[in-house]
Amino acid sequence: MCGIVGYVGHRGAADFLLEGLHRLEYRGYDSAGIAVQVNGEIAVRKKAGRVQELVGLINEAPVDGPLGIGHTRWATHGETTDLNSHPHTGGNGEVVLVHNGVIENYDQLRTQLQGLGYVFRTGTDTEAIAHLVAHHLEEQIKLGEDETSPATCLKAIEVSLPKLKGTYGLVVLFKGFSDMLIVARSGSPLVIGIGEGEHFVASDASPLAGYTDEVVYLADHEIAVLTSDRIQLMHRDNGHQSPSVHTLDQVSTDTGLNGFEHHMLKEIFEQPHTIENAMRGRLDADEATAKFGGLNLTLPQLRRVDRVVLTACGTSWHAGLVGEYLFEEFARIPTEVEYASELRYRNPPLGDRTMVFAITQSGETADTLAAMRECQRKGLATMAICNVVGSTIAREADGGVFLHAGTEIGVASTKAFTSQVAVLTLLSLYLGRMRHLSYPAGERMIRKLREMPKMIEQTLQCNDLVKEVAEKYYGYNNFLYLGRLYNFPVALEGALKLKEISYIHAEGYPAAEMKHGPIALVDEETPSVFIAPHGQIYPKVMSNLEEVKARRGPVIAIACHGDDKIAELADDVIYVPDVEEYLQPLVTSIPLQLLAYHIACLRGCDVDKPRNLAKSVTVE
């Protein structure tokens with residue numbers, strides 16, 4: 001959450017900063033601002049609202065120079081006002097900084113600094129950091145340090161950071177220092193871009209695309225001093241160190257709309273390709289299994305695993321629920337799915353033969369990262385299922401699998417969900433074949449998996465019909481989503497999508513659980529969405545559907561092509577291809593994504609930037 005950009009070099013900073021903020025706006029869009037060093041002074045422009053509001057302000061009061069920082073905010077402390085927007089100023093303007101994260105002891109710091117005479121003008125936790133750095137800068141100068149030396153500024157940062165409790169990604173300007181940014185990280189991601197006579201910094205790699213293809217991923221407790229021609233990197237515990245330079249995959253940072261009205265719709269329609277990318281090179285027809293290059297465990301180590309824990313948040317947690325069914329059916333390994341936010345604070349009995357999978361689109365989700373680290377402290381093998389190369393979880397896990405889904409801009413995750421489910425299916429095949437799963441069964445799974453991009457292409461043809469259904473139901477304010485077995489997690493995910501972007505109350509349940517309470521909600525004003533493709537308990541789901549119809553509840557059904565029986569009962573039917581039960585989430589989730597999208601559009605909601613939400617949840 002929150003987007004940070006910074007630049008030091010030979011070109012005007014403002015254009016890069018504003019373009020970068022546009023690219024990062026999916027991380028937070030409550031307010032935006034920039035600060036630029038101009039003739040020894042730091043000029044700040046900031047505005048509540050979207051980045052475009054900031055652009056209007058800068059057009060009225062232009063500011064530019066070769067050194068600057070920018071920020072787009074997802075509010076944690078303080079209302080969304082011009083004053084609370086970043087950047088924030090410390091002391092008498094000698095320090096200006098931007099911050100992503102949460103400072104848990106900001107109130108204590110605020111009281112201490114007010115006692116020293118510092119005046120607070122905002123309701124943010126970040127202002128406490130700015131004043132703290134300004135205070136220690138003043139202290140260093142009083143101790144005789146050279147106020148014109150970058151080393152004095154660095155020392156003020158080094159003294160300040162241990163006093164911060166919480167998480168931070170910081171980029172700091174100092175008044176009078178026209179060729180220096182200081183960058184620090186603990187828990188919130190930052191990426192440094194390397195150019196010719198210039199350096200860039202951002203919360204993720206997307207603003208760097210087109211400017212550089214060489215990056216350095218800052219690790220926790222690292223500080224970097226950036227000038228136009230140098231990176232000086234140091235670690236809190238290990239001192240000075242050489243930057244590890246990585247090549248940036250420009251394709252994965254594509255943030256254009258490519259003719260679609262919204263990123264979410266574009267990403268829904270990318271799913272035939274993203275599923276293909278998730279499987280590319282990972283299907284071994286000769287051995288009737290899957291293969292992975294990054295698990296970093298030997299076959300004997302993998303065969304020792306007798307329990308799997310899948311941990312995640314939000315949509316990734318729903319993918320984990322599908323994974324639980326897959327792992328237990330095909331690999332016969334007892335599997336549990338844990339909310340990462342709960343697992344990090346629990347103390348469950350996990351033996352040394354337990355393997356933990358952290359599932360995350362961004363690779364930076366704070367709760368998932370903390371849960372994974374807690375499991376690592378206990379000696380467990382940890383694997384990442386992740387979309388972002390170079391992300392913290394991808395780097396810190398013992399091994400893992402990348403999704404290769406490309407940048408996901410829409411806050412409501414779509415293509416990442418189906419890619420996670422595809423990867424979990426491959427993993428269940430891989431673990432199953434090294435245990436009891438037969439060669440013919442593995443061969444059949446591979447054959448059916450290879451058909452899935454085509455099946456998803458066919459599923460997307462329902463878009464026009466889904467739009468018609470949305471036009472019929474978009475005025476309702478409560479929905480139930482009901483499914484069983486593999487489609488129970490799909491029901492949860494469908495309800496989450498509707499809540500996220502249309503602000504309609506929706507709940508997902510196992511269809512059979514409806515009569516244990518939720519059926520009390522059924523009436524003529526509460527549509528029920530049944531995920532009811534063909535399968536072993538199709539007759540049971542049909543009985544649940546009839547229970548809703550008996551109470552005059554409107555029914556939207558997701559069913560297989562050619563299912564005439566359900567068409568006689570449901571008010572509206574959206575058809576999907578008939579695929580294997582364990583692959584149904586890959587097709588049944590898509591009409592639910594489209595339904596949420598079209599309902600949100602009809603209600604006039606901001607699909608890509610829903611209220612109160614942001615991509616990549618890097619705070620607890």
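This is a predicted model: local features need pLDDT of at least 70, side-chain atom pairs count only at pLDDT 80 or more; totals for chains, interfaces and linings use all residues.
Residues are numbered from 1 along each chain as its sequence is written, and side-chain values use heavy atoms, with hydrogens and water left out.

Helices (H or I, at least four residues) and strands (E, at least two) are DSSP runs, numbered from the N terminus. Two strands pair if DSSP finds at least two bridges between them. Strand 12 and strand 13 (residues 230-235) are antiparallel partners over 6 bridges, and a hairpin of 2 residues connects them. Strand 12 also pairs with strand 8 (residues 181-186), again antiparallel, through 5 bridges; here Val 225 is the bridge partner of Ile 182. Strand 12 (residues 222-227) is mostly covered, with 6 of its 6 residues buried, where buried means under 20% relative accessible area, exposed over 50%, and partly exposed in between (1.4 Å probe, protein chains only). Glu 222, Ala 224 and Leu 226 point one way from the strand, while Ile 223, Val 225 and Thr 227 point the other way.

Strands of a sheet pair through backbone hydrogen bonds, either parallel or antiparallel. Between strand 2 (residues 31-38) and strand 4 (residues 67-73) there are 6 bridges, in the antiparallel sense, and Val 36 stands opposite Gly 68 of strand 4.

What about the interior? A nonpolar core is a set of buried Ala, Val, Leu, Ile, Met, Phe, Trp, Tyr and Cys residues joined through side-chain atoms within 4.5 Å. The largest one has 93 residues, of which Phe 327, Phe 357, Leu 427, Phe 479 and Tyr 481 touch the most other members. Helix 13 (residues 415-433) supplies the largest share of this core, 11 residues. Leaving aside neighbours within four places in sequence, Phe 357 is in contact (heavy atoms within 4.5 Å) with residues including Val 308, Leu 310, Phe 327, Met 383, Ile 385 and Leu 427. A second, separate core of 31 residues includes Leu 137, Val 172, Phe 174 and Ala 184.

Helix 13 turns up again beside helix 7 (residues 271-279). In helix 7, Gln 271, Pro 272, Thr 274, Ile 275, Ala 278 and Met 279 are buried, and the buried residues pack against several elements, among them helix 13, helix 14 (439-450) and helix 20. Gly 281, with a positive phi near 75°, follows helix 7.

Finally, the rings. The structure holds 13 aromatic pairs; rings of Phe, Tyr and Trp (its six-membered ring) pair if their centres lie within 6.5 Å, and planes under 30 degrees apart count as stacked, over 60 as edge-to-face and the rest as tilted. Tyr 325 and Tyr 486 make a tilted pair, 5.4 Å centre to centre with 45° between the planes. Tyr 325 lies in helix 9 (residues 314-331) and Tyr 486 in the loop between strand 23 (478-483) and helix 17 (487-502), so this pair ties together parts that are 161 residues apart in sequence. Tyr 325 is partly exposed at 27% relative accessible area, whereas Tyr 486 counts as buried at 6%. Phe 330 and Tyr 582 pair edge-to-face, at 4.9 Å and 75°, and both are buried.
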